[in-house]
Structure formats: structure tokens, C-alpha cells
Amino acid sequence: MNSVSAGVRCRRQTVTVLFVDIVGFTSLVDELDCADVRDLQVDYFRTVSAVVHAAGGVVEKFIGDAVMAVFGVSGPGAGTPDQAADAAAAAVRAGLGIQEALRGRLLAGRFPVRTRVGLATGDAIVDLDAARDGGYGMVSGSVVATASRLQAYAPHDTVVVCAATQLASEAAVAYQELPPVSVAGKALPVELWRALHPQTTPVRARDLQPCG
């Protein structure tokens with residue numbers, strides 16, 4: 001459901017949020033000069049951003065070694081069920097693409113890294129002006145915290161998603177169900193799915209139930 005308040009330039013809609021970070025980043029940078037850390041970050045952010053943009057997402061912020069991106073915030077059908085499902089699938093493919101782009105790569109020509117990716121789908125308030133500019137703080141809602149938490153629970157070198165993201169994107173991506181996890185701030189365990197690869201045989205998608 002979309003709703004726009006007159007003069008506010010914000011809209012309530014369903015989005016998919018992606019978080020990715022580098023495994024063991026703190027211990028890695030503790031051994032590096034700050035100039036080396038910046039070289040690593042610049043290469044990393046550039047690589048991740050290119051994959052996100054190619055998949056139709058918007059980079060919302062960089063935090064240390066973490067990148068937050070949002071999918072489904074713009075376009076004429078933004079927030080509709082069909083577009084939300086397409087955005088969820090694009091976000092998961094982007095997560096897989098990020099890991100593929102970084103696998104075996106030496107950032108700044110020297111540093112191999114491993115990553116983990118978490119995604120969640122749910123309702124958020126979207127700042128339309130910030131979304132257009134790729135700005136900071138463009139989405140607000142519990143879906144952001146859910147995606148961040150799931151990323152922290154992801155096994156190394158995997159992409160994990162909440163049940164809503166899996167449900168919305170199962171026509172486009174093959175998944176493996178993982179044991180539910182207890183997430184801080186959530187009353188009940190959260191269902192967890194590992195994205196394996198894009199589907200070659202279409203699967204009928206079901207109605208979307210946001211988890212964020």
C-alpha cells in the first residue's frame with residue numbers, strides 16, 4: 001500500500017533492504033595503516049555499489065565495512081505487489097552478485113576478503129527526494145534493523161533472507177531453508193533462508209507477507 005502526504009515527499013511502501021559486510025574486518029584493519037584501510041574501503045565500496053546499481057538498487061549508506069542498499073524505492077510501479085516481488089528478486093541476485101564479484105579478488109590489489117549478506121522485505125517510509133539522489137537516511141522502518149540483524153547471523157560467504165524475501169523471490173532464486181534464529185528485539189524466532197543461485201525453471205510466486 002502506498003500513501004503520500006501532501007508536501008512531505010515521503011511514501012509508505014514495501015521495500016527490500018540489503019546489508020553486506022566483510023568478515024573479520026576489525027581484526028584485519030587493526031593490522032593496517034589507515035591509508036591502506038581507505039584503499040581497501042574505496043575498492044570495496046566501488047565494487048559493491050556497481051553491483052547494486054546494476055541490479056536497480058540504491059546505496060543508502062556506508063558504515064565502516066557495511067553497505068546498506070535498498071531495492072524497490074523508485075519507478076512508476078514502486079510499492080505495488082508485482083514490483084515489490086521483482087525488487088526482492090533483484091536484491092537477492094545483487095547479494096549473490098556481490099559475493100561473486102569479490103570472490104578471489106584482492107581489494108586494493110592486496111587484500112582478500114569474505115563477506116556475508118542479509119536481506120529483509122517489509123514496509124518502510126521512503127524519502128522520495130533522498131531516494132532519487134541516492135541520499136542518506138532515505139528509508140525508515142523495522143525492515144532496516146531486521147536486514148542488519150540477519151546479516152550478522154549469516155554464515156560466512158552466504159546470502160540469507162527473511163521469509164518474506166524468500167516468498168517474494170522464490171520464482172527467481174533457489175533457496176535452502178536454515179534453522180530459525182533468535183534475533184534481539186524480536187519476540188519470536190525469525191525464519192531464515194539461504195539463497196543458492198538464480199532459478200532456471202520458474203516457480204509460481206505466492207502473496208507477499210512483509211517480515212520487516
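**Close-ups of a predicted model**

**View 1. Thr-121, tucked into a strand.** At 1% relative accessibility, Thr-121 is buried (under 20% relative accessible area, with exposed being over 50% and partly exposed in between, using a 1.4 Å probe and protein chains only). Thr-121 belongs to strand β7, residues 115-127; strands here are DSSP runs of E, at least two residues, and helices are runs of H or I, at least four, numbered from the N terminus. Its side chain makes polar contacts with the side chains of Thr-16 at 2.8 Å and Thr-165 at 2.7 Å. Such a contact is a pair of N or O atoms within 3.5 Å, where one must be able to donate a hydrogen and the other to accept it, and residues adjacent in sequence count only if both atoms are side-chain atoms.

This is a predicted model, so local features need pLDDT of at least 70 and side-chain atom pairs pLDDT 80 or more, while totals for chains, interfaces and linings use all residues. Residues are numbered from 1 along each chain as its sequence is written, and side-chain values use heavy atoms, without hydrogens or water.

**View 2. Gly-64, in a loop.** Look between β3 (58-63) and β4 (66-71) to find Gly-64. Gly-64 is partly exposed, at 41% relative accessible area. Skipping residues up to four places away in sequence, Gly-64 touches Phe-25, Gln-41 and Phe-45, where contact means heavy atoms within 4.5 Å. Gln-41 is 23 residues away along the chain, yet the two C-alpha atoms are 8.1 Å apart.

**View 3. Ile-98 and its partners.** Beyond neighbours within four places in sequence, Ile-98 is in contact with Leu-18, Val-20, Val-48, Val-51 and Val-52.
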